[in-house]
Structures are given as structure tokens and as C-alpha cells.
Amino acid sequence: MSLQARIETLRADLAAAIEAAPGAEEVEAVRIAALGKKGSVSALLASLGTMDPEERRSAGPAINGLKSEVAALIEARAAQLREQALAARLAAERVDVTLPVRPAPTTTGRIHPVSQVIDEITAIFSDMGFSIAEGPDIETDYYNFTALNFPEGHPAREMHDTFFMAPGADGVKKVLRTHTSPVQIRVMQKSNEKPGAPYLTPAMDPPIRVVIPGRTYRHDSDQTHTPMFHQVEGLVIDKSSHIGQLRWVLEEFLKAFFEVGHVTTRFRPSFFPFTEPSMEVDVQCDRSGNEVRIGEGSDWLEILGCGMVHPNVLRNCGLDPDVYQGFAWGMGIDRLAMLKYGMPDLRAFFDADKRWLDHYGFRPLDLPTLFGGLSS
């Protein structure tokens, strides 16, 4: 085969290989096979040394022309592949600027109704001059029962009501607190003054005015009860506290919380070991429709328990019951949320269902205030 025929055949083969190369790596492989030290075009150039001067005069330009042409084809194909890769990347990363802006986290996030109601409760009582107190969820038997005048053998101490824990190394019996009342004892004893106390409780001497929101635990689970739930308690200790003040505080709270102009309450005798006398409080309501409307109608709804602090509780806290007296009350935060916002099942509070939270939750920046509206 003549040299010219070999050049034309090689040109056609290399052009086809370059055109068919699907990517940069394949183009580079063709370049090495053609123009590398051992490439086909380089071999032709190396053969010039064996030719006579006359033949070399015509073969040299032809082979160098082939080399330049192949190099140009390789560069053109590489540029084409780079453009295709860029086009594909732009298509994949394309942003439609006509789409609506994604909502910020502050507009999509929701505050849990329990957190919202705790904020509402503390806003109301803070306006009345109450401080906020907290205590540990894991309590000693003494603080949870004994200091609160629960006698040995009282039904509330039984396993079917209380989550008992194994005693610690010191032999002290521990429980998951069944109510937030132990914090009343800690407030009156100023137990927060101990170094490293794992809770926040204001140190104070009488007069004492505190509200105590927090988690509590009992063996119970149905549509209106869960093993873990939330309570809020209030405590007032002074030298001249009386039931009339208790009634005023509770009625003012109910009016502010349910955002109504008037409430009518009914106090019924009851029994709690830590109060004497003890009372259950009913509030007038209307149950005629699908909602419970507080402050109207002719029905009654039990809403909370209360009473005057038992003298034994005062003595257990180092206060003289002949000098000091006080009143206390307690109510379920989850129950208040259900009544105000129309949630039918308490268990849904703890299911972590985002759909439920999107429906019943509150916007993060809508903080409850008495002048702006608790639930606006």
C-alpha cells in the first residue's frame, strides 16, 4: 500500500474513532494511540528517516498535515464534550426562579399545645404576681408522699398508681412524681439553696406565691389519661390567706385563660391529704353542641382540686401553722388544652404525629400575652 493510501486510511480511522469517543477519557485514549510516542501517526513520522530525500520531500508535509488535522479533531471533540457536560449540569442544577419562595422555618414550625398552654398559664399568674417554680421528675418517697401528709398505706402509694424505682445506694426510695406538689415542699423548705440542685426554684420566705408547671406520672392510659401528663399547681402562704382569696384567684384565672368575661364556679367538699378543707371546683359551661363553652349554659364541669394547706404540711416545712396559713390548687394542663382548643383524645398529644401538630400547633412567634390575646 502506498504511503498516500496509508495516510488516507489512517485519517479516516482516526476521524471515526474521535467522533465516536463518548467521553473525555476515550478522546484522550485516541490521542495517545495516534500522537503518543508509540502512536500510529508518530510511527509514520519516524519512518521519514528511512526514505530517500525526494520521497521525504513529499511525505513530510503529508504526515505533518495528518498530525495537525488529527490534533484539531481531538481538540474539537474535547470542546464539544465539555459543552455537552456543562449543558447537562446546568439542566440538572436548574433553578426555576418563578417558583414561590420556600416558607421560613419560623412559619412552618409549630409549638406544641402543651407548651403553648404552659406559656398562657404562666403569663396569667405572672400578671397576678406569682413566681414560677420547678422541681425534679424523680422524687423521693418523702417529698412525694410523707411530707405531703400521705399516711402509710394510703392508696396513692400503691403500685397500681405510682411508678416506683429501685432505691439508690443510700437506700432512699425513689418514685416518678405523681403530682407537682413535692415542689411546694421544696419551695417552703428553700431546698434549692443546696449546691448543685438540679432544678430552678426561687428561695423565699412567706409570703409565698408560686405556680408550678411540670410533668407527672401515673399508671393510667385511656382517652383522657396517659402514663405521663402535665400538671400545674399553685401555692400561696401568708399570715392572712383565706378561701375567699383562693376563689378570686381561680375565677380570675379561668376568665383570663378561657378568654371570657364571666365564670361561675361551684366548690364541692372533697379530700386530699395535703389540704384541709379540700374542695373540687366545677365551672359552669354549655355542652349543648360539639364544643364545651365555658362561662355560659347550665351544665357543670369539674376543672380542678384545691384547698387550704394542711397544718401538718406546714409543720413538715418548718412553718408554724399558728402563724402561717395558705391555699393550694392543682389542675391538668393537658385537660385545659383539650377544653380550650377542642382536642378529643389526650393520647394524640404524645403520638408525635406531624399532621396533628400542624393542625393544633401554634406559630412560634405568637407569644401569649394578656394585652395581645393568649391564643391570637
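Because the model is predicted, local features need a pLDDT of at least 70 and side-chain atom pairs count only at pLDDT 80 or more, while totals for chains, interfaces and linings use all residues. Residues are numbered from 1 along each chain as its sequence is written, and side-chain values use heavy atoms, with hydrogens and water left out.

The term pLDDT denotes the predictor's confidence in each residue, from 0 to 100. The chain averages a pLDDT of 85, and 92% of the residues score at least 70. Helices (H or I, at least four residues) and strands (E, at least two) are DSSP runs, numbered from the N terminus.

Helix α4 deserves attention next. This helix covers residues 53–92, 40 residues in total, and spans 58 Å from its first C-alpha to its last, close to the 58 Å expected at 1.5 Å a residue. The expected span is 1.5 Å times one less than the number of residues. At Ala-59 the helix α4 bends by about 30°, and Pro-61 follows within four residues; the bend is the angle between axes fitted to the seven residues ending at a residue and the seven starting there. Several residues of α4 are buried, including Ile-63, Leu-66, Val-70 and Ile-74. Buried means under 20% relative accessible area, exposed over 50%, and partly exposed in between, with a 1.4 Å probe and protein chains only. What covers the buried residues of α4 includes the helices α1 (3–20), α2 (24–35) and α3 (40–46).

Side chains of opposite charge can pair when their charged atoms come close. A salt bridge is a side-chain nitrogen of Lys or Arg within 4 Å of a carboxyl oxygen of Asp or Glu, and the structure holds 20 of them. One of these joins Asp-137 to Arg-215, with the closest N and O atoms 3.1 Å apart. This pair links distant parts of the chain, 78 residues apart: Asp-137 lies in the loop between β1 (131–132) and β2 (138–140), and Arg-215 in strand β5 (residues 208–217). Asp-137 is buried at 18% relative accessibility, whereas Arg-215 is partly exposed at 39%.

A salt bridge also joins Arg-247 to Glu-251, with closest N and O atoms 3.1 Å apart. Both residues lie in helix α9 (residues 243–258), four residues apart, about one turn of the helix. An α-helix has 3.6 residues a turn, so residues three or four places apart point the same way. Lys-340 forms a salt bridge with Glu-259, the closest N and O atoms being 3.0 Å apart. Here Lys-340, in helix α11 (residues 333–341), and Glu-259, in the loop between α9 and β7 (265–272), are 81 residues apart.

Finally, three strands form an open antiparallel sheet in the order β2-β4-β3. β2 and β3 (164–165) stand at the edges with a single partner strand each, so one side of each lacks a neighbour in the sheet. Two strands pair if DSSP finds at least two bridges between them; three bridges join β2 to β4 (residues 174–176). Ile-138 stands opposite Leu-176 in β4.

Technical notes
Contact means heavy atoms within 4.5 Å.
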